[in-house]
Amino acid sequence: MDSLLKHMVDMTGHRDHTMLDISVISAVQELARASQTRVLTIMHVRGEQYVRVRASICAGGAARMEEPVDANAPGEPIGSFPALAACIANNETSAESIAADGKRTLWLPIWIGEKVDTCLEILHPTPYTTDTIHVIGGIVSVYRNFQNLLDYSERDSLTGLLNRKTFDDQLAKMLHVTAEQESLEPGQEERRQHSDAEKQWLAVVDVDHFKLVNDKFGHLYGDEVLILIANLMQSSFRSQDRVFRFGGEEFVVLLRSTTLDNAQKIIDRFRTNVESHDFPQVGQVTVSVGFVSISPFESPVIILGHADQALYYAKSHGRNQACHYDELVSGGLLQAVASNDTAEFF
């Protein structure tokens, strides 16, 4: 009982999805004596469902977050897990399968309303007792409720995307991690300038002529445009990227660990997906994008300001395009004349 209470306190003491994942699999692993416990992300990409491992722990080991083997792939098709696929299709709360060697796998989808995007997977060699199933069910209920609370505080109520406050927190964390990874060594700064170097990126997205949409069709259709664009963002960007609604018709994306060429391709894929989408009643809608690489040696205000300047250039030079800040500066199309920690002047 003391161990269970300790884990409950640990789970509810976090205000971060990552630490919540670590806490829940640590609790399940210890209390259920599992051989392995994982948190799975259930992704919906262009009408298909995929499974990707988000966090894992093995018996005798420490819990850890998992990085995808292929950052551009959505994960394994859910068809690779037939028992889990049937469980989700039938809106069930659990599923179990037994392998040829007798090892058992228990899946516990985390339902929030009628949606599921997270699942616990527990591997164990023997059947669980009723008491153990009851304890696991209690842990899952606390995890689900607390995850729901975090979502409520972190997400925009209209689009379901992450909100401005969450963006501030995640950009600060990304800058901290990037600073640790990019501790300057002789010659390292020059290598980071190469276009094939993997970097973190920030992109600002703005819906073109959105005021005209509201004025002509009304705010209900304007809201529907924002919701559909949010859906296109979630399906166009990768699972490890983070998408935020900044306010009004402006969105922000944090792209993780990719090259300039890939960042341009990913951003342009989203832009063309919006351009080719048929918005009900409204018809065609386009977006403009400004993006910049994230340097741990610059403040968040400066980084965001650079992306905003690239966005402004895109909107004032035809719209429906994505502009890279560094390319605009190196091409003489933008010129920074002075800067400090809070503002940069052009």
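These legends go with a set of close-up views of the structure above.

This is a predicted model, so local features are described where pLDDT is at least 70 and side-chain atom pairs at pLDDT 80 or more, while totals for chains, interfaces and linings use all residues. Residues are numbered from 1 along each chain as its sequence is written, and side-chain values use heavy atoms, with hydrogens and water left out.

**View A. The open five-stranded sheet.** Strands here are DSSP runs of E with at least two residues, and helices are runs of H or I with at least four, numbered from the N terminus. Two strands count as paired if DSSP finds at least two bridges between them. The order across this open sheet is β9-β10-β8-β11-β12, with mixed pairing. β9 (242-247) and β12 (322-324) sit at the edges with a single partner strand each, so one side of each is left without a neighbour in the sheet. On average, neighbouring strands are turned by 20 degrees against each other, direction ignored. As background, strands of a sheet pair through backbone hydrogen bonds, either parallel or antiparallel.

**View B. β9 meets β10, and two helices pack on the sheet.** β9 and β10 (residues 250-258) run antiparallel and are joined by five bridges. Look for R245, which stands opposite F251 in β10. Helix α8 (residues 219-236) packs on the sheet and touches β8 (199-207), β9, β10 and β11 (287-293). Contact means heavy atoms within 4.5 Å. The direction of α8 makes about 0 degrees with that of β10. Helix α10 (residues 300-316) packs on the sheet too, touching β8, β9, β10, β11 and β12, and its direction makes about 145 degrees with that of β11. For these angles, axes are lines fitted to C-alpha atoms (for helices, over the stretch in contact), and the values run from 0 to 180 degrees between N-to-C directions.

View C. Buried means under 20% relative accessible area, exposed means over 50%, and partly exposed is in between (1.4 Å probe, protein chains only). In α3 (residues 82-89), L84, C87 and I88 are buried. These three cover an arc of only 90 degrees around the axis, which puts them on the same side of α3; the arc is taken from the directions from the helix axis to the C-beta atoms. P82 and A89, on the other side of α3, are exposed. After the helix comes N91, with a positive phi near 55 degrees.

View D. A disulfide would be a pair of cysteine sulfur atoms within 2.5 Å, and a search of the whole structure finds zero of them. For C119, the nearest cysteine sulfur is that of C87, 7.0 Å away. C119 is buried, at 0% relative accessibility, whereas C58 is partly exposed at 38%.

View E. β5 (residues 95-98) and β6 (residues 104-112) pair in the antiparallel sense over four bridges, and S97 stands opposite T105 in β6. Five residues lie between the strands of this hairpin, where G102 takes a positive phi near 90 degrees. Most residues other than glycine have a negative phi. R33 has a positive phi, near 50 degrees; this residue lies in the loop between α2 (17-32) and β1 (36-45) and is exposed, at 71% relative accessibility. Q281 has a positive phi near 70 degrees. Find Q281 in the loop between α9 (260-276) and β11, where the residue is exposed at 54%.

View F. D169 and K165 meet at 3.3 Å, N to O. They are four residues apart in helix α5 (residues 164-181), separated by about one helical turn. D169 is partly exposed at 37%, and K165 is exposed at 56%. K315 and D208 form another, at 3.0 Å, N to O. This pair links distant parts of the chain, 107 residues apart: K315 is in helix α10 and D208 in the loop between β8 and α7 (210-217). K315 is buried at 18%, and D208 is buried at 4%. Salt bridges that share partners join D206, D208 and K315 into one network.

Notes
Salt bridge = Lys/Arg side-chain N within 4 Å of Asp/Glu carboxyl O.
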